[in-house]
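Subject: Structure handover

Hello,

Please find the structure below. Could you look it over before reading my notes?

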Amino acid sequence: MDLFNESTDWEKALRPLITKYKGKQHPLHYHNLYQLMVMVVLSAQDSDAHINKIAPAFFEKFPDMKALAKANTAQLTELLSEVRFHGNKITWLQEIAEEIKEDKNIPKTMKELTALKGIGRKSANVIMREAGVEPEGILVDLHVLRVAPRLGIAKGKDATKIEKQLMEKLPKDMWGEIGMAISFLGRETCRPTNPKHSECIVSNVCEYCLLHNK
């Protein structure tokens, strides 16, 4: 049932989310772009909380890209063995470090970031948002993948298609923040089960809320 269809002014409807969450740091506890890049690679199919837990010891030993480039597989495995799919991720990090070499060379464009192993559009959007550069897309993580269709602004379960629909319906000046804002909404309010409709600041435009609160 498409209650809102094309009639909803999504720019106006979702501005409150940006007002609430603008500038709020990503849940990964990073201190610079090097740390963020490493952590977004490690967090794929793992939890942010878990990566936050293992990160301090890792960055104490490998504080920058130059140090990471000199690390061997055994050293990395010792610190990352508890990370899901750590074998693949270690290989990706080694290739990234070998190519980038120093922190100052970390790219900040979608094309350059997604050319690196282990970094897709989601990770690139995160890095670009935190770097404060002009957005080229909208972050779609697991939370956005759930919340956007609930709202009624997008359909389907494919992250690339969801991102495209969001980009078509929202002005570019919202791209850099709206993905993270929807993600925070999903983490805090629009949970997979028992979403907190009464606490949601966009419940008045939410298709899911209207259907389930009749």
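The notes below cover helix packing first, then pockets and the cavity.

This is a predicted model, in which local features need pLDDT of at least 70, side-chain atom pairs count only at pLDDT 80 or more, and totals for chains, interfaces and linings use all residues. Residues are numbered from 1 along each chain as its sequence is written, and side-chain values use heavy atoms, with hydrogens and water left out.

**Helix packing**

Start with helix α2 (residues 33-43) and helix α6 (residues 86-100). Their axes come within 10 Å and cross at roughly 155 degrees. Helices here are DSSP runs of H or I, at least four residues long, numbered from the N terminus. Axes are lines fitted to C-alpha atoms over the stretch in contact, and angles run from 0 to 180 degrees between N-to-C directions. α2 and α6 are therefore roughly antiparallel (over 145 degrees). Their crossing is right-handed, meaning that the near helix is turned clockwise from the far one by less than a right angle.

On the α2 side, the contact is made by M37, V38, V41, L42 and S43. On the α6 side, the residues are K89, W92, L93, I96 and I100. Contact means heavy atoms within 4.5 Å. By class, the α2 and α6 contact has 8 nonpolar, 1 polar and 1 charged residues. Nonpolar means Ala, Val, Leu, Ile, Met, Phe, Trp, Tyr, Cys and Pro; charged means Asp, Glu, Lys and Arg; the others, Gly among them, are polar.

α2 also packs against helix α8 (residues 121-131): the axes come within 10 Å and cross at roughly 160 degrees. That makes α2 roughly antiparallel to α8. This crossing is right-handed. L33, L36, M37 and V40 of α2 meet S123, V126, I127, E130 and A131 of α8.

**Pockets**

The largest pocket has a volume of about 750 Å³. On a 1 Å grid over the protein atoms alone, a pocket is an open set of points with protein on both sides within 12 Å along at least five of seven lines, and lining residues have an atom within 4 Å of a point. Points are joined across faces, edges and corners, and a volume is the space filled by probe spheres set on them.

The lining of the largest pocket has 33 residues; S43, A44, Q45, K122 and D141 lie nearest its centre. α2, α6, α8, α9 (142-151) and α10 (159-169) each supply at least two lining residues. α8 gives the most, with 5. The classes are 14 nonpolar, 11 polar and 8 charged.

The second largest pocket has a volume of about 150 Å³. It is lined by 14 residues, and M128, R129, P135, G176 and E177 are the closest to its centre. α8 and α11 (172-188) are the elements that give two or more residues. α11 gives the most, with 5. This lining divides into 6 nonpolar, 5 polar and 3 charged residues.

**Cavity**

How many cavities of 30 Å³ or more does a search of the whole structure find? The search finds 1. A cavity is a set of points where a 1.4 Å probe fits but cannot get out. The space in the largest cavity is about 70 Å³. Its lining residues include V147, L151, L185, C190, H197 and C209. That lining divides into 8 nonpolar, 3 polar and 1 charged.

Best wishes

Technical notes
Angles under 35 degrees count as roughly parallel, over 145 as roughly antiparallel, 65 to 115 as roughly perpendicular and the rest as oblique.
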